[in-house]
Amino acid sequence: MRTYFIEDRKEIDEIICSCKTCYFAMSVDDKPYVLPLNFALEGDTIILHSAMEGRMWETIKSNPQVCINWTLGEELAWQDVRVGCSYRVKSKSVNVEGKVEFIDDFDEKYRCLGLIMKQYSEKEFKFGTPAVKNVGLFKVHIETITGKEFGAKAETPWNS
């Protein structure tokens, strides 16, 4: 199994936008916590939403440094069906590290909800005032981003 770094930002963004769920990791008091979330990508910013209460909300208020993962693909492949060590899962993955910025402005929250919905549908959506006021929205500004391809077949003279 080979792992290759993906350097092209356009390919990295395509991986992110092909996923329907991201895995949002945070930590407080040396206790890690990961949740699947819906998201939107806007340039160098990830937009996320949740309730404004609960373990996640309290954790990111206490420690806004987070990590987000997207994984695309789960194809099982092998070089020899009889040899366990030749099996691999072909996938691509992106990790982002950054800091949470909470969004309080009504118009910005409305705009960000629209961006999140664009990730999942081409329809235009409207949001009622109570829905916008009562949802927790936040951005993660990308500080580092890494893309990798896993499970690629090794290039060797006898199989290239």
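Q: What should I know about the model and the numbering?
A: This is a predicted model, in which local features need pLDDT of at least 70, side-chain atom pairs count only at pLDDT 80 or more, and totals for chains, interfaces and linings use all residues. Residues are numbered from 1 along each chain as its sequence is written, and side-chain values use heavy atoms, with hydrogens and water left out.

Q: How many salt bridges are there in the whole structure?
A: A search of the whole structure gives seven. A salt bridge here is a side-chain nitrogen of Lys or Arg within 4 Å of a carboxyl oxygen of Asp or Glu.

Q: How accessible are R9, D13 and D44?
A: R9 is partly exposed because its relative accessibility is 26%. D13 is partly exposed at 21%, and D44 is partly exposed at 46%. The cut-offs are under 20% relative accessible area for buried and over 50% for exposed, with partly exposed in between (1.4 Å probe, protein chains only).

Q: Next, helix α2. Which of its residues are buried?
A: In α2 (residues 55–62), M56, W57, T59 and I60 are buried. Seen down the axis of α2, the buried residues fall within an arc of 165 degrees, so they line one face of the helix. The arc is taken from the directions from the helix axis to the C-beta atoms.

Q: What about K61 and E58 there?
A: Their side chains meet in a salt bridge, 3.7 Å from N to O. K61 and E58 are three residues apart in helix α2, so about one helical turn separates them. K61 is partly exposed at 47%, and E58 is partly exposed at 44%.

Q: Switching to K109. Where is that, and what is the nearest side chain of opposite charge?
A: K109 lies in helix α3 (residues 106–118). K109 is buried but has no salt bridge, and the nearest side chain of opposite charge is D104, 6.0 Å away. For charge, Lys and Arg count as positive and Asp and Glu as negative, while His and the chain ends are not counted.

Q: What does the K109 side chain reach instead?
A: The backbone oxygen of V132, at 2.9 Å. Leaving out residues up to four places away in sequence, K109 touches I103, D104, V132, K133, V135 and L137; contact means heavy atoms within 4.5 Å.

Q: Last one, E101. Where is it, and what does it touch?
A: E101 is in strand β7 (residues 87–103). Not counting residues up to four places away in sequence, E101 touches F138, K139 and H141.

Notes: Helix = DSSP H or I, 4+ residues; strand = E, 2+ residues; numbered from the N terminus. Polar contact = N/O pair within 3.5 Å; in protein donor to acceptor, adjacent residues only side chain to side chain.
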